[in-house]
Amino acid sequence: MKKFLLALFTVICTESYSQVIFEEGYFINESNKRVDCLIKNIDWKNNPNEFEYKLFENDTVQKATIQTIKEFGINNFSRYIRTKTKIDRSSDQIDGLNSEKNPQFQEELLFLKVLIEGQASLFLYVDGSLIRFFYKFNDSDITQLVYKRYLVDGEISKNNYFKQQLFLQLKCEGINLNDFKNLNYNRQDLERLFIKYHKCIGSNYINFESKQKRDLFNLNIRPGLNFSSLKIQNSTSGSMDTDFDSKIGIRFGVETEFLLPFNRNKWGVIMEPVFQYYKSEKSKETDIVAGGILVLKVDYKSIEFPIGVRHYFFLNDKSKLFANISYVFDFPYNSSIKFLRKDGSEHSELEIKSRRNVAFGVGYKYMNRYNVELRYNTKREILGDYMLWGSNYNSINIILGISLF
């Protein structure tokens, strides 16, 4: 089964890569000529230095770089402009802080992402853990908003000069000192302030975030079938080893999915409480009980709680494939393996206490609403509290899902 899923995952990657969607956009070259084209939209997490494009649908893919392009954008999605500006690349990680309060600027050629465009424009630059915001007021040069953490006698201090920069520029009766005192150096706070300023002065602006209309949260109802099997072993008596029959059971889950806001929402974090059960019975001849017959009954009910990551592969506007991996926590209740004599009297009982395992899944989603998934669960130990007993619980899930929102 693992080999099957690996092969299917490879097919998904190959197939989806060959069907990458190029979206309508444009770029402006060194001659200030605007070229309408189709741009490969990978919704960059880090600001790019290049991009791929086609002049028309069946054209060959070409590459454009920051050295030859002044500006590019994807219609109703994003816009990047090239600028030569000073940027401070001082680390904001605790183990990389220094004792220098002032930024250490260096001039670079950058593609900046436009967040708010208007009389006062806001830009973003991301490179790994480095996050910098820039602004432009009317026809002024693009300038970095200064925020820097630094060390003073081993304690962390902050240079919040960006608040003063904006206080001197964004003047309006509807904006007061508290708007700057409480301002944090993050996208949400800065966008809110720039929008408030444009509304205050009655000036038009473009908010590129609102144009994207992201849907970053999904709640999915996911019933399905479990194909499960169980083996148990006793280290002192091989005659007690039992291979229970494969059984079909139901499962019912409610999945929450949080999509990450980059790479066109291709990555997500998933969590799904799931009810599942497995029941089986096996008889075997043995001389350890009166009557010579031992009946083993498994009654295993639990709430599984997989937590994992999912990656989507777009086929077209309506269809996409996905693959996910999850770490599964399992919480059994009223679950045991009972050993009964031929007359039905109880010989002994093992309480089921399970350990964690990993699950791999591949699936298909249609219209961002309907989905189907095939999931393979690696073996799970369900007799974790017993030194002399071991177990191997395996299951394959076929899951149908519908998104409520």
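Lysine 196 counts as partly exposed because its relative accessibility is 33%, where partly exposed lies between buried (under 20% relative accessible area) and exposed (over 50%), computed with a 1.4 Å probe and protein chains only. The structure is a predicted model, in which local features need pLDDT of at least 70 and side-chain atom pairs count only at pLDDT 80 or more, while totals for chains, interfaces and linings use all residues. Residues are numbered from 1 along each chain as its sequence is written, and side-chain values use heavy atoms, with hydrogens and water left out.

Lysine 196 belongs to helix H4, residues 187-201. Helices (H or I, at least four residues) and strands (E, at least two) are DSSP runs numbered from the N terminus. Not counting residues up to four places away in sequence, lysine 196 touches Gly174, Ile175 and Asp179; contact means heavy atoms within 4.5 Å. With the side chain of aspartate 179, the lysine 196 side chain makes a polar contact at 3.1 Å. A polar contact is a pair of N or O atoms within 3.5 Å; within protein, one must be able to donate a hydrogen and the other to accept it, and residues adjacent in sequence count only if both atoms are side-chain atoms. Leucine 170 is 26 residues from lysine 196 in sequence, and their C-alpha atoms are 9.7 Å apart.

Another lysine, lysine 136, is found in strand E9, residues 130-137. Lysine 136 is partly exposed because its relative accessibility is 28%. Leaving aside neighbours within four places in sequence, its contacts include Gln119, Phe123 and Asp141. Lysine 136 and phenylalanine 252 are 116 residues apart in sequence and 53 Å apart in space, C-alpha to C-alpha.

Glutamate 381 sits in the loop between strand E24 (370-380) and strand E25 (389-403). Glutamate 381 is buried but has no salt bridge, and the nearest side chain of opposite charge, arginine 355, is 5.2 Å away. A salt bridge is a side-chain nitrogen of Lys or Arg within 4 Å of a carboxyl oxygen of Asp or Glu; Lys and Arg count as positive and Asp and Glu as negative, with His and the chain ends not counted. The side chain of glutamate 381 does reach the backbone nitrogen of leucine 383 at 2.8 Å. It also makes a polar contact with the side chain of serine 391, at 2.5 Å.

Phenylalanine 227 lies in strand E14. Phenylalanine 227 is partly exposed because its relative accessible area is 34%.
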